[in-house]
Amino acid sequence: MNWLGLLMLRHDRAKFGAMIVAVALAVFLMQNQAAILSSILLMTASQIRDVEEANLWVTEPDVECFDQAKPVRDIALHTVRGTPGVAWAMPLLKIDTLARTRGGKLSTVCLLGVEDSSLVGLPRRMRLGKAESVRERDTVLIDPGGFSLFFPGEPPSLGKTIQIHNRTLRVVGISDASPPFTGLPLLHTSRTTAAQLNVAEERSTTFILARSKPGEAPDEVCLRIAERTRLRARTTDGFARDAMWFYGSQGVPMLFMVTIAIGLVVGAAITGQTFLMFVKENARSLAMLKVVGTTHTQLGWMMAAQAGLILFLGSCIGSGLAAAVCELMRQQPFLRGLYLPVWVAVWTCLSLAIVTGGAVVLSFRQVQRLEPASVFR
Amino acid sequence: MNPVPETPGSRSPAVRCTGVYKHFGEGEARTEVLRGVEFTGDLGKLSFIVGPSGCGKTTLISLIAGLLSPSAGRVEVFGRSTADLSSENQTLFRRHNLGFVFQQYNLLAALTAAQNAALPLLTAGVPRREALRRAGELLDRLGLGNRLEAHPRELSGGQQQRVALARALIHEPRLIICDEPTAALDHASGESVMSLLATAAVHPDRAVIVVTHDTRVYHFADAIAHMDDGRIVSWESPGSRKPSAQPRPSP
């Protein structure tokens, strides 16, 4: 019987099309906003997650996220190294400073200085050049967003120079580092080079990156480090979670959530209303089906099949559209972190299905109340 | 709710209405539509219920079909009081035992002639291919073998009513209820539809009840019940064409 319901639905092309478009637009709007929100939140922890070698981060106690650069005492590094359960620990220096090119381009940059010998903290993937090249003095790796900002319109190439505090730094690689939440160009260099550019601070360690020994519980090692250093030690996941929570509680996500909610309500309202109109206009046919012996259960499944087809087609079109727009936006270097996570796509489609399902249930109640004797009138 | 079994030798009426009253609304809005109807519809016969508009014909067949419940009195179809059945069982009872022909055909615009005719079988869970095959055969017998894939809008009024007739017959019900089957048709088409109804539907183990006020087709009737003001006021026997003042209720 379900195919019969689908034939009835397909026959009313105007409403069938309107419902698919309503679902598609609602899914697109919800997924687009949810993708931007989730990508932004993930970006707040992108530099933390990029460092795969370390699984522990040690910071000043009041540091909530990666962008709060508050240096720790240099001596703390040795204390961390001496903590039972720590396999190794390396310093990472983070400086937010002003950089410019010979062509006059000027921007604040996020400069990360990694320990010279181990290079712990360098990006894992490179688009051009070798990461190890930063061992050479006065050299940097730059991310794609930074390159496009400082050298607009030029193809990616090595050997270009950037000036920071009157020191000239040569670009020896273009990294594929995850885009930072701040949207600033991201430069990686050796700690030695970075320390010479660190004119505002005496301390030359912003974060201590460490690895727990195999068999040691990272959380317990964190407790030991905190006890010994009076600093805050967190696992990579814990620090990333804190960063996302810190930015997530600033209010911006609420704006996205409002838009997502509007998409959900408007999409479900239009779909539900059109479906109800479809049912009302087909009331005589549905009454006739009841007269010839179609049970409410059969009619319920028919309507479920109709709603399912609308949601499936609308969700496919809407998700495809959202993915395509994300892909287009990702072409912008600073938006390269934007993507549509599968869970966002599934969640938005499911939530719309649930709300629309409610509207379909209301329509079904109309069908249940439909007087079969009305076919004789 | 399975089909009511045929009982060889049993000639009890297919439909028996005893003292049936029906009103709609309450208080000042209360309208008495049926006022003590006595009616029988026999197996193997084409029984007409005729009368002016508003006399209660449609309400009576709605009661017989189990689509409405009587306010008082008893409606029995094949010995069962349909009002005593649950809503679900009434639906299943109609599915297996009743066929319907409506004034406005009530074909589904989205379906082809064959699909429309196959509806009762599909509702009963017969596989689609088998249902469509049987619908095709029946439509062929009714002269629509070349219009199986046509949609209702592509068919004339007479052809649509023949599809509706096929829909009423396909599951071989024991009672067929027709509501003004010729009202929307011209004389020739009406004659044709009634002729098909008389030849294809009338069967020793099947009763056919036709509600109509189309006097042009009265000659097809085996029995005619005249209704007025919510009552059966007279019966007309086949051939005699003389209305009898006495009702013709139960055997």
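1. Leaving aside its neighbours within four places in sequence, which residues is Ile177(B) in contact with? They are Ile61(B), Ile64(B), Ala65(B), Leu98(B), Phe100(B) and Ile209(B). Here two residues are in contact if their C-beta atoms, placed from the backbone, lie within 7 Å.

2. A word on the model before going on. It is predicted, so local features need pLDDT of at least 70 and side-chain atom pairs count only at pLDDT 80 or more, while totals for chains, interfaces and linings use all residues. Residues are numbered from 1 along each chain as its sequence is written, and chains are lettered from A and ligands numbered from 1 in the order in which they are written.

3. Ile177(B) also belongs to the residues with the most contacts inside the largest nonpolar core, together with Val23(A), Ile64(B), Ala117(B), Leu139(B) and Ala166(B). That core has 119 residues, and its largest share, 13 residues, comes from helix α2 (residues 13–43) of chain A. Apart from it lies another core of 61 residues, including Val58(A), Ile208(A), Ala210(A) and Phe239(A). A nonpolar core is a set of buried Ala, Val, Leu, Ile, Met, Phe, Trp, Tyr and Cys residues joined through C-beta atoms within 7 Å. A residue is buried if 20 or more other C-beta atoms lie within 10 Å of its own, exposed if 12 or fewer, and partly exposed in between, with C-beta atoms placed from the backbone.

4. Now look at strand β3 (residues 46–50) of chain B, where five of the five residues are buried. In a regular strand, side chains alternate between the two faces of the sheet. Leu46(B), Phe48(B) and Val50(B) point one way from β3(B), and Ser47(B) and Ile49(B) point the other way. Helices (H or I, at least four residues) and strands (E, at least two) are DSSP runs, numbered from the N terminus.

5. β3(B) has two parallel partners to trace. Five bridges join β3(B) to β8 (residues 207–212) of chain B, with Val50(B) opposite Thr212(B). Four bridges join β3(B) to β9 (residues 223–228) of chain B, where Val50(B) stands opposite His226(B). Strands pair if DSSP finds at least two bridges between them.

6. Chain A has 12 helices and 10 strands. Its radius of gyration, taken over C-alpha atoms, is 29 Å, whereas a compact globule of 377 residues would have one near 21 Å (the globule rule is 2.2 Å times the number of residues to the power 0.38). The C-alpha atoms of chain A fill a box of roughly 95 × 50 × 30 Å along the principal axes.

7. The domain assignment, which is automatic or from a database, gives chain A domain 1 (2–44 + 251–376) and domain 2 (73–230). Their centres, taken over C-alpha atoms, are separated by 47 Å. Seven residues of domain 1 and eight residues of domain 2 take part in the contact between them.

8. Finally, where the chains meet, 19 residues of chain A are in contact with 22 residues of chain B. On the chain A side, α10(A) gives the most, with five residues. In α10(A), the buried residues include Leu286(A), Met288(A) and Lys290(A). The buried residues of α10(A) pack against α11 (296–330) and α12 (342–369) of chain A, together with α2 (87–97) and β6 (98–101) of chain B. Just after α10(A), Gly293(A) takes a positive phi of about 110°.
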